2 protein chains.
Amino acid sequence: MGYFRENIENLEAYVPGYQPAESDVIKLNTNENAFGPSPKAGEALKNFDPNQLRKYPQPSADKFRKIAAEVNGVGIDNIICTNGGDELLTLAFRAFTDEKRNVCWASPTYSLYDELAGIQGCSALRVTYQPDEAVQKIAEISASLSILCNPNAPTADFITPDRISMLAARLEGLGILLIDEAYVDFAPTSCAAIVKEFDNIIVLRSMSKGYGLAGLRFGYGIVSENLLEGLNKVRDSYNVNRLSVEIASAAIADQNYFRKTVGKIKEQREMLRVELVKLGFEVNKSHTNFVLAQHPEAKQIYKKLFDAGIIVRYFDLDGLRDKLRITVGTNRQNNKLLDSLSTILPSL
Amino acid sequence: MGYFRENIENLEAYVPGYQPAESDVIKLNTNENAFGPSPKAGEALKNFDPNQLRKYPQPSADKFRKIAAEVNGVGIDNIICTNGGDELLTLAFRAFTDEKRNVCWASPTYSLYDELAGIQGCSALRVTYQPDEAVQKIAEISASLSILCNPNAPTADFITPDRISMLAARLEGLGILLIDEAYVDFAPTSCAAIVKEFDNIIVLRSMSKGYGLAGLRFGYGIVSENLLEGLNKVRDSYNVNRLSVEIASAAIADQNYFRKTVGKIKEQREMLRVELVKLGFEVNKSHTNFVLAQHPEAKQIYKKLFDAGIIVRYFDLDGLRDKLRITVGTNRQNNKLLDSLSTILPSL
């Protein structure tokens, strides 16, 4: 018997998107925000007294929770802060799943769910992601934990909150519904309000996308109030640090900057979609800060773009081998990408 | 059946030390460093370009790992970074324990081990902590995961590395030995070197104590190289943030400041011990940045100190009800504590 649990031994490690050291590449592979965080977040950083770091943080990060509650129209006891949205996923797997309690989600989606199920050693039931059917299929399975990534990555599809409400109602009393809204900043609307209607809801939010703080690792959950105490038992008391709380609080408080930045990304997203279609890609409407562009030569195009210093994301996975996931960049970055593609495509 | 797993429902939440909002209290309850972090850490903070936060961190925090490896005389592949030392404990429980794989430690010790065993749902075997016997008792049990807090909190005792080496040898091939060195900065020596001799070692380190960065949440493990890949599977790819990596790297690189600060704390520790003994406490030699002071009226003294604006730690736990854990503060803080005690003790 090895030192590690068998499920860990058997696990393939999660492969994060490539993070190049060079700063002169055009990096459109991990859905970062090309416009960066609010200047207010920068001020919070510069004004922070380093000597404050000698003391442990306030354990529940109430400063952030208060602002996030206001922004989302919920109460402070509907908010839990985490070290990136990923930590909220980890907490949910540890709180709600085990060998006897299963998890369900619709694939293709965020591949970290596979890893976390493997680590926890719970049974994972995957249904096929189709926006029209995913909700019904997940409801039929009624797992202990159901996860719906909405908008979905990497397909960029969006399911409306009224349909998700119906799913929540079906699952109430049977299991938790975790709605992964990591990309909701770029979608028409959120499911936040349903935490007040149902007792089984966790809405995951990230500061990495619309707020431009991927490097800060700050996420939060909007949760049914009855779930807070149990989730806090699993959460480490000091899971978010003093400095991050200040920076994230300043960023979420600056809703003007947020709306302006998100608006620019949405404009660029539509431009990019239209131009990619002109170049011969099939591109569905996106509700995220990336587009999923289909082309029979996707893998070749990925490699040639890489050689030209432009990094997009290629997934060697079923249903995704003919597609590229391309983060929406600045106007300049998007035009460079389109220029490169104009050169690459005729040579294939 | 509730939404939460039964072991989570049944768990008593971990209670972190009180973190008062007021800054005029004398806070000697959570073993923070009264002298604060290196000025170099502050410079790293001030020089950080906030716009860098828009990008995800380098996933393994190699900048910090390289310096930590040099400081500890090990290789970079012996180092893993975590969001506080607590996250390394969490990773170890998730990697090495489950319903079939047990954990063992010597009590009284850091109470988070109890929580993590409860969350993971593994069987926890507790032996009694006696510096002379703990090693032998832990070896006899040979759990899948053995944890030895050294120096131990809250008893402040220290077991020498040669005896821990013998324990490591006894456990090799049978289970992991995690040596929790959160307080080792104040002890005579570390077990770091044994990661090169055995394949089953994890040495936990914290930047919260000697380096004065409790608010930053940065810890690391010095581990047998063969364990790194498996631990990385359980670790979230982006578990430490960009800014923390810069600040922690600057702090650990400044060994001069570290030695100077630790020296001051050790001096104050001895002064505090001698004076507490004069006041009627029983105080063993400490190898940490706190003293454990025994007095039949410990709980009363705790309350009266609290009313006087001096916060120390009282544990309502077997073997600890007649003791106070007092963080070593600055000379001014320690003298205020001693003055207060001179007033309180005669009134009991």
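Student: Which residue does R5(A) meet in a salt bridge?
Tutor: That's D98(B): the two side chains meet at 3.1 Å, N to O. Keep in mind that this is a predicted model.
Student: And how many salt bridges are there between chain B and chain A?
Tutor: The count is four. For polar contact, it is 53 residue pairs, with both residues at pLDDT 80 or more.
Student: Which elements of chain B give two or more residues to the side that touches chain A?
Tutor: They're all helices of chain B: α1 (6-9), α2 (39-46), α4 (85-96), α5 (112-120), α8 (228-234) and α9 (242-253). α4(B) gives the most, with five residues.
Student: OK, and how much area do the chains bury between them?
Tutor: About 6,800 Å², with 54% of it on carbon and sulfur atoms. In terms of contact, 80 residues of chain B touch 80 residues of chain A.
Student: Switching topic: which residues of helix α6 of chain B are buried?
Tutor: A134(B), V135(B), I138(B) and A139(B), in a helix that covers residues 134-141.
Student: Where do they fall, seen down the axis?
Tutor: Within an arc of 130°, so they line one face of α6(B). An α-helix has 3.6 residues a turn, so residues three or four places apart point the same way.

Definitions and conventions:
Residues numbered from 1 in each chain as written. Chains lettered and ligands numbered in written order. Predicted model: local features only at pLDDT ≥ 70, side-chain atom pairs only at ≥ 80, totals over all residues. Heavy atoms only, no water. Contact = heavy atoms within 4.5 Å. Buried area = accessible area lost by both parts, 1.4 Å probe. Polar contact = N/O pair within 3.5 Å; in protein donor to acceptor, adjacent residues only side chain to side chain. Helix = DSSP H or I, 4+ residues; strand = E, 2+ residues; numbered from the N terminus. Buried < 20%, exposed > 50% of the residue type's maximum accessible area, 1.4 Å probe, protein only. Arc of directions from axis to C-beta.
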